[in-house]
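Please keep the sequence and the model in view while reading.

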Amino acid sequence: MKLKRTFLSALCALLLGFQAQAQTTAAKWDSTYRPAAYELKVAQFKSYPNAANDIVFLGNSITANTDWAELLGMSNVKNRGISGDITFGVLERLDEVIEGKPAKVFILIGINDISRNIPDHVITANHRKMVARIKAGSPKTRIYFQTLMPVNNTFDKFKNHYNKDEHIAAVNQGIKDLAKKEKIEVIDLHPHFLDSDKRLVKEYTHDGLHLTVAGYQKWADVLKKGNYLK
């Protein structure tokens, strides 16, 4: 009897430990995070004119850190990237994109979610919400998902982003599956930026996450060769 009570006590302690661990894990991510410049950038975007032939690039700093109109030589290309943004932030400001009813929208978002421990399935679910809202509010807009690029852990500036390759792969697969179901196009950027060690090519990055001029030129080449901009 004593042995049975000891076993039950140990089992309860184990279950309580698992529950506490699960609660701690669940508490580690926050959907309400917005970068410091978020409100200012959204206000700026809302103040800019829209046109039916706009091509919108929507995302985080990887999108924000170049002049897309200059890079692509197309005056109708609009940059809607905000440094540090996550999928929840994109959903919050998506109406600004939808109301302009652009011709095309290129979406690249999720690496900051991964760095903040937002579960892969939640990131994919948010992509699904983006598709649904764009289709409902601007049905003629062509949607393009771009897969997350690799990172390079030989740098040391963005440690929360490094060594998350499994999550990057899972989100990218989720994006591909969603795109197939929703009949939208995927631009698979990821393999174009991989080196032989499965890391982001050093020539294309200055910190293991963000792109150099060569990195943006590579991105532009992928878009042009795929005829995605026509």
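**Overview**

The protein exposes about 12,300 Å², of which carbon and sulfur atoms supply 54%; accessible areas come from the Shrake-Rupley method with a 1.4 Å probe, and for residues only the protein chains shown count as cover. The model is predicted: local features need pLDDT of at least 70 and side-chain atom pairs count only at pLDDT 80 or more, while totals for chains, interfaces and linings use all residues. Residues are numbered from 1 along each chain as its sequence is written, and side-chain values use heavy atoms, with hydrogens and water left out.

**Composition**

- The secondary structure comprises ten helices and five strands; helices (H or I, at least four residues) and strands (E, at least two) are DSSP runs, numbered from the N terminus.
- Of the 230 residues in the protein, 47% are buried, where buried means under 20% relative accessible area, exposed over 50%, and partly exposed in between (1.4 Å probe, protein chains only).
- Among contacts with a separation of 6 or more, 74% are between residues 24 or more positions apart; contact means heavy atoms within 4.5 Å.

**The sheet**

- Five strands form an open sheet in the order β2-β1-β3-β4-β5, with parallel pairing; two strands pair if DSSP finds at least two bridges between them.
- The edge strands are β2 and β5 (185–187), each of which pairs on one side only.
- From one strand to the next, the twist averages 20 degrees.
- Strand β1 (residues 55–59) runs parallel to β2 and is joined to it by five bridges; G59 has G81 as its bridge partner in β2.
- Three bridges connect β4 to β5, which also run parallel, and F145 stands opposite V186 in β5.
- Strand β2 (residues 77–81) is largely enclosed by the rest of the structure, because five of its five residues are buried.
- V77, N79 and G81 point one way from β2, whereas K78 and R80 point the other way, and all are buried.

**Helix α8**

- Helix α8 (residues 120–137) has 18 residues, which at 1.5 Å a residue should span 26 Å; its end C-alpha atoms are 26 Å apart, in agreement. The expected span is 1.5 Å times one less than the number of residues.
- The buried residues of α8 are D120, V122, I123, T124, N126, H127, M130, V131 and I134.
- An α-helix has 3.6 residues a turn, so residues three or four places apart point the same way.
- The cover over the buried residues of α8 includes α5 (87–92), α6 (94–98), β3 (104–108), α7 (111–115), β4 (142–146) and α9 (165–182).

**Two buried polar residues**

- S61 lies in helix α3 (residues 61–64) and counts as buried because its relative accessibility is 5%.
- The side chains of S61 and H210 are joined by a polar contact of 2.8 Å. A polar contact is a pair of N or O atoms within 3.5 Å; within protein, one must be able to donate a hydrogen and the other to accept it, and residues adjacent in sequence count only if both atoms are side-chain atoms.
- Leaving aside residues up to four places away in sequence, S61 touches I82, S83, G84, H210 and Y216.
- N172 lies in helix α9 and, at 5% relative accessibility, counts as buried.
- With residues up to four places away in sequence not counted, N172 touches T147, L148 and H190.

Technical notes:
Axes are lines fitted to C-alpha atoms, for helices over the stretch in contact, and angles run from 0 to 180 degrees between N-to-C directions.
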